[in-house]
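Let's walk through this protein together, one region at a time. Please keep the sequence and the 3D view open side by side as you read.

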Amino acid sequence: MAPKQELKDWLPITKKELEAHGWDELDVVIISGDAYVDHPAFGGAVIGRIIESAGYRVGIIPQPNWQDDLRDFKKFGKPKLFFGVTSGCMDSMVNHYTANKRKRSNDAYTPGGAAGFRPDYATITYTKILKELYPDVPVVIGGVEASLRRVTHYDYWSDRLMPSILEDSGADLLVYGMGEQPLREIMSLLGKGVPFHQLTSIPQTSYKALRKEEIPKNKNWKDITLHSHEKCLRDKKSYAANFKHVEQESNKLRADRIIQAAGDHNIIINPPYYTMTEQEIDQSFDLPYTRLPHPKYNKRGAIPAYEMIKFSINMHRGCFGGCSFCTISAHQGKFIASRSQDSIMKEVDQVVNMPDFKGYISDLGGPSANMYGLKGKVQEICDRCVSPSCIHPVICSNLDTDHSSMTEIYRKVDKHPKVKKAFVGSGIRYDLLTKSYNKNANDSIDEYMEQLVTRHVSGRLKVAPEHTADDTLKIMRKPSFKHFHEFKKKYDKINEKHQLNQQLIPYFISSHPGCKEEDMANLAAETKDMGFKLEQVQDFTPTPMTVATVIYYSGYHPYTMQRLFTPKSEKEKRNQHMFFFWHKNEYRQRIKDKLTSKGREDLIERLLSNRPTQKRFGHKKAEVSGVFDKNKPFKGKRSGKSRKK
């Protein structure tokens with residue numbers, strides 16, 4: 001049983017707690033848009049624990065009130081070194097609004113799921129307040145919102161181009177990506193007495209300098225100069241052309257420094273750090289987290305985001321998929337940083353000893369669950385690589401796709417005496433598990449899939465083909481849908497062999513750049529023929545720093561500079577989205593009229609007739625119930641709904 005926690009086991013969030021630590025002032029104060037959950041999945045906690053581990057006094061002000069007399073921002077007074085600002089685990093605009101720009105009524109990172117506890121554009125709002133209250137104290141911004149807005153970017157919610165968030169916020173330094181390495185260097189240099197304004201050569205940081213001043217040379221870095229923010233405002237093609245450089249330098253192991261003029265400043269973006277080693281990522285996860293929300297929230301209700309991950313294990317970071325609509329590689333990096341088995345098993349021991357643990361680990365995963373431990377065979381080839389994806393348009397011949405280490409850790413967790421079942425709740429890259437697409441594959445993918453399907457699926461396995469049209473999939477950087485057919489056959493065969501009835505849940509996107517209404521109708525017909533009634537579906541949402549967003553705003557593909565069609569109007573999006581729901585009576589006539597107008601009566605027959613479709617396993621909706629025998633495949637009943645993507 002885990003020892004009972006005391007209040008001082010958390011980082012202080014009030015003046016009274018500060019005194020309980022025996023401190024009268026702080027070196028660093030962190031402002032966060034999320035509630036304070038002291039867990040390695042929450043960035044504010046990770047930042048705080050790293051600063052603490054470096055020997056500094058740090059406190060957190062979670063979800064301060066920005067609309068009153070600003071007392072929350074003043075509670076700790078002036079820190080000795082700097083303020084750290086993050087909007088939280090999500091971009092505040094993605095957190096607040098749907099793809100249709102409707103305000104969400106809840107916030108998963110707030111107690112009780114309550115909305116309204118952080119502002120729009122939270123990083124900018126918090127930083128401006130701090131600069132008014134403490135103009136002489138440096139502000140360091142980081143987290144997803146700052147990271148993905150570090151250059152000129154399209155903001156979907158205001159429908160305009162915005163400059164680097166450094167320019168709009170007035171912050172002094174930006175840390176992009178996963179911040180452990182730059183943060184440790186910042187603390188080290190400040191500890192040696194280096195003045196804050198001289199912190200200009202730290203990798204994976206960005207700062208601004210007056211345009212009239214000469215940019216300091218760095219013998220270790222070459223420079224790439226982007227089109228200025230002002231030119232991007234005048235010319236969408238210039239904005240699109242910038243993105244290729246930004247994405248490539250974000251994903252290179254030996255990257256160049258990026259410079260972009262905006263307003264009176266040059267925004268200088270230093271190259272990223274090399275991918276974290278196993279020892280470095282272990283250090284981050286092995287810090288003394290309580291793994292619990294701060295006790296102040298006990299009477300305000302559960303924090304949904306925490307409840308979702310409290311019994312999960314994050315095994316790695318990064319994603320080499322490079323999907324056009326995804327921001328993971330832009331923030332976490334293309335190359336995989338994997339934890340050691342010892343670190344993972346240490347966290348398993350912590351989870352199983354939590355008071356309300358019932359024996360079920362909800363996820364052994366990461367951004368894509370089956371990328372743990374995967375890397376290049378020859379590191380020197382990876383060091384020279386500029387491709388945004390290791391698996392598109394084909395799987396790189398230098399990528400070692402052996403899944404043995406994943407199977408091994410799954411089995412190791414499975415054997416833990418206090419674990420009844422360990423599920424893989426993260427989505428998997430199904431294309432890595434098909435020999436038609438993965439030409440590098442050995443027999444380890446079959447062994448992995450057998451282990452996964454028989455031991456680690458909680459009734460439903462999530463995969464993301466995203467579309468069925470080859471032209472759209474090419475823009476998405478996803479494989480042809482024919483490989484999903486192969487994967488499904490393999491999945492069904494294992495289910496049949498072990499007398500399981502587990503659902504396969506595919507994710508799809510409508511209104512993606514390049515997607516036409518006929519493509520959506522074909523998607524609906526093909527998935528219907530396979531036996532699916534789609535649940536996990538969404539409209540494309542433009543978010544900063546993705547290829548798809550650049551196409552959406554500019555009309556140009558940043559790598560080819562060719563013009564591409566993108567559905568933008570509410571009517572166009574509605575017409576595409578309705579094809580997902582061919583099985584609902586309220587859409588039948590609209591679908592029929594639309595396809596008739598396009599001369600596609602053949603699709604009317606396929607979509608709206610009641611002819612039989614393929615048999616598929618897992619037809620019933622899934623939620624786990626039943627009896628577990630750790631030595632046998634799970635054969636419990638499954639009913640219920642999954643959560644939305």
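Two strands count as paired if DSSP finds at least two bridges between them. Helices (H or I, at least four residues) and strands (E, at least two) are DSSP runs, numbered from the N terminus. What you have here is a predicted model, in which local features need pLDDT of at least 70 and side-chain atom pairs count only at pLDDT 80 or more, while totals for chains, interfaces and linings use all residues. Residues are numbered from 1 along each chain as its sequence is written, and side-chain values use heavy atoms, with hydrogens and water left out.

pLDDT is the predictor's confidence in each residue, from 0 to 100. The protein has a mean pLDDT of 93, and 94% of its residues reach 70 or more. Residues 615–645 stay under 50, and for them the model has 91 contacts (heavy atoms within 4.5 Å) beyond four places in sequence. Where pLDDT is low, the predicted coordinates should not be read in detail.

Now turn to strand S5, residues 139–142. Strand S4 (residues 82–86) pairs with S5 in the parallel sense over 4 bridges, and Phe83 has Val139 as its bridge partner in S5. S5 is also joined by 2 bridges to strand S8 (residues 173–175), again running parallel; here Ile141 has Leu174 as its bridge partner. In a regular strand the side chains alternate between the two faces of the sheet. In S5, Val139 and Ile141 point one way and Val140 and Gly142 the other, and all are buried, meaning under 20% relative accessible area, with exposed over 50% and partly exposed in between (1.4 Å probe, protein chains only).

Next comes the nonpolar interior. A nonpolar core is a set of buried Ala, Val, Leu, Ile, Met, Phe, Trp, Tyr and Cys residues joined through side-chain atoms within 4.5 Å. The largest one holds 177 residues, of which Phe82, Ile428 and Phe487 touch the most other members. Helix H21 gives this core its largest share, 6 residues. Beyond four places in sequence, the contacts of Ile428 include Ala369, Leu433, Tyr448 and Phe487.

Which rings pair up? Rings of Phe, Tyr and Trp (its six-membered ring) pair if their centres lie within 6.5 Å; planes under 30 degrees apart count as stacked, over 60 as edge-to-face and the rest as tilted. By this rule the count comes to 20 aromatic pairs. One of them is the tilted pair of Phe484 and Phe532, 6.2 Å centre to centre with 40° between the planes. Phe484 lies in helix H19 (residues 482–497) and Phe532 in the loop between helix H20 (517–529) and strand S24 (537–539), so this pair ties together parts that are 48 residues apart in sequence. Both Phe484 and Phe532 are buried. Phe540 and Tyr552 make another tilted pair, at 6.2 Å and 55°. Phe540 is buried at 3% relative accessible area, and Tyr552 is buried at 7%. These two belong to one aromatic cluster that also includes Tyr156 and Trp157.

A charge can join in too: it sits over a ring if NZ of Lys or CZ of Arg is within 6 Å of the ring centre and within 35 degrees of the ring normal. The charged end of Lys101 sits over Tyr156, 4.6 Å from the ring centre, and that of Arg563 over Tyr556, at 4.7 Å.
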